[in-house]
Each structure stands twice: as C-alpha cells, then as structure tokens.
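Open the structure in your viewer and keep the sequence panel beside it. The tour moves from pockets to charged pairs and then to rings.

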Amino acid sequence: MQWNELAFNALSVDELYELLKLRVDIFVVEQNCPYPELDDKDRHSETRHLLGRNLLGDIVAYARVLAPGVSYPEVSIGRVAVAEQARGAGVAHLLMTESMRVAYTYWPNENIQLGGQEYLKSFYQKLGFEPVSEVYLEDGIPHLDMLYKTGK
C-alpha cells in the first residue's frame with residue numbers, strides 16, 4: 001500500500017473523484033443508505049484526507065481525519081472505507097494505524113474519537129478505542145462513539 005495524506009485543496013480532480021466514488025459505493029450503495037455524503041468538513045482547512053493505493057495505483061482505502069472541534073471536541077477519524085477487493089488482507093487495520101499516525105502528527109496531544117458502526121466495535125477495540133456512548137442509530141445503522149485516549 002502507498003499512503004498519501006492531503007488537504008482538500010491539494011487533491012487532484014481525479015483523486016477527489018476516486019475517493020468520493022469509493023465513499024458513495026460503500027456508504028450509500030453497498031450499505032443501501034441514502035444520506036448526505038458531502039459535507040463542508042471535507043473542505044475544512046485542517047481536514048486531512050488519507051488515501052491508500054494498491055500496486056496498480058487505485059485508491060482502495062480512505063479515511064478523513066478532522067481537527068478538534070470539527071465533529072467532536074477531540075480529533076476524529078471518519079469515512080473509513082476499504083474497497084471490496086481489498087478487504088480481508090489487513091488493509092483496514094493499516095488504514096486505521098495510518099489515520100492515527102496522521103492525527104498524532106497534526107494534533108499530538110489530543111484524544112481521537114470516532115462514530116463507528118456497531119458491528120466494528122471489536123475491530124476498533126483492538127486498536128485501543130473504547131466505547132463512550134450507548135448504541136444509537138445514524139441513518140438507520142447502529143453506531144457508537146469510541147475514544148482512543150492519548151494519556152494526556
């Protein structure tokens with residue numbers, strides 16, 4: 001995997017298209033969940049877009065790292081997506097590890113929060129995240145908020 005971490009205005013038109021297609025393919029089509037995928041958080045001046053490319057150069061993994069105060073009081077990781085053809089090979093774990101590295105690079109003393117789908121709870125717990133909310137429905141899908149504490 002090759003990782004690139006970019007601000008919105010550094011994304012090429014093709015990169016933007018590919019990452020949005022990946023997000024829509026997974027979150028809207030695959031999960032059969034129509035919701036407003038585009039929000040102004042993508043264009044926030046401090047948002048970091050993490051792209052994971054396979055050996056062919058295709059974007060097969062993506063996550064968005066948001067500054068404190070954009071979605072949660074803490075840094076947050078969201079829109080975590082792995083293309084179907086890249087699943088089952090540890091790409092999701094690499095994506096999250098790289099996302100956490102990006103978060104620490106920009107906001108080294110901040111905890112990291114995410115709103116994850118409930119079925120992924122144990123996956124996030126293996127990375128050190130702990131639930132900090134009850135399960136709630138977001139766009140009809142069970143989610144829960146999880147927090148990774150930096151020890152500050």
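For this tour, Ala, Val, Leu, Ile, Met, Phe, Trp, Tyr, Cys and Pro count as nonpolar, Asp, Glu, Lys and Arg count as charged, and the others, Gly among them, count as polar. Keep in mind that this is a predicted model.

**Stop 1: the largest pocket**

Rolling a probe the size of a water molecule over the atoms shows where empty space is left. Select Phe27, Arg79, Val80, Gly115 and Gln117, which lie nearest the centre of the largest pocket. The lining of this pocket has 39 residues. Two or more of them come from each of α1 (13-30), β3 (59-66), β4 (75-82), α2 (91-106), β5 (112-117), α3 (121-126) and β8 (141-148). The space in the largest pocket is about 920 Å³.

Which element gives the largest share of this lining? Colour β4 to see the answer: that strand supplies seven residues. Sorted by kind, the lining of the largest pocket holds 21 nonpolar, 10 polar and eight charged residues.

**Stop 2: the second largest pocket**

Next select Glu18, Lys21, Leu22, Asp25, Ile26, Glu30, Asp58, Ile59, Val60, Ala83, Glu84 and Gln85, the residues that line the second largest pocket. The elements giving two or more residues to this lining are α1 and β3. Of the elements, α1 gives the most, with six residues. The volume of the second largest pocket is about 190 Å³. Its lining divides into five nonpolar, one polar and six charged residues.

**Stop 3: salt bridges**

How many salt bridges does the model contain? The count comes to nine.

Start with Glu5 and Arg48, which form a salt bridge with their closest N and O atoms 2.5 Å apart. This pair links distant parts of the chain: Glu5 belongs to strand β1 (residues 2-6) and Arg48 to strand β2 (residues 48-53), 43 residues apart. Are these two residues buried or exposed, or in between? Buried means under 20% relative accessible area, and partly exposed means between that and 50%. Glu5 has 23% relative accessibility, so Glu5 counts as partly exposed. Arg48 has 13%, so Arg48 counts as buried.

Move on to Asp42 and Arg64, whose side chains meet in a salt bridge at 2.8 Å, N to O. Here too distant parts of the chain are linked, with Asp42 in the loop between α1 and β2 and Arg64 in strand β3, 22 residues apart. Asp42 is buried because its relative accessible area is 5%. Arg64 is buried as well, at 3%.

Now select Glu98 and Arg101. Their salt bridge has its closest N and O atoms 2.8 Å apart. Both residues lie in helix α2, three residues apart, which is about one turn of the helix. Glu98 counts as buried at 17% relative accessibility, whereas Arg101 is partly exposed at 39%.

**Stop 4: aromatic rings**

A pair of aromatic rings is described by the distance of the centres and the angle of the planes. The whole structure has five aromatic pairs. Go to Tyr106 and Trp107, whose ring centres are 5.6 Å apart; their planes are at 45°, so the pair is tilted. Tyr106 is partly exposed, with a relative accessible area of 36%. Trp107 is buried, with 11%.

Then show the rings of Phe123 and Tyr124. What kind of aromatic pair do Phe123 and Tyr124 form? The pair is edge-to-face, with 5.2 Å from centre to centre and 65° between the planes. Phe123 counts as partly exposed at 22% relative accessibility. Tyr124, at 5%, is buried.

Conventions
Residues numbered from 1 in each chain as written. Predicted model: local features only at pLDDT ≥ 70, side-chain atom pairs only at ≥ 80, totals over all residues. Heavy atoms only, no water. 1 Å grid on protein atoms, 1.4 Å probe; cavity = no way out; pocket = protein on both sides within 12 Å on 5 of 7 lines; lining within 4 Å. Points joined across faces, edges and corners; volume = space filled by probe spheres on them. Helix = DSSP H or I, 4+ residues; strand = E, 2+ residues; numbered from the N terminus. Salt bridge = Lys/Arg side-chain N within 4 Å of Asp/Glu carboxyl O. Buried < 20%, exposed > 50% of the residue type's maximum accessible area, 1.4 Å probe, protein only. Phe/Tyr/Trp six-rings, centres within 6.5 Å; stacked < 30°, edge-to-face > 60°.
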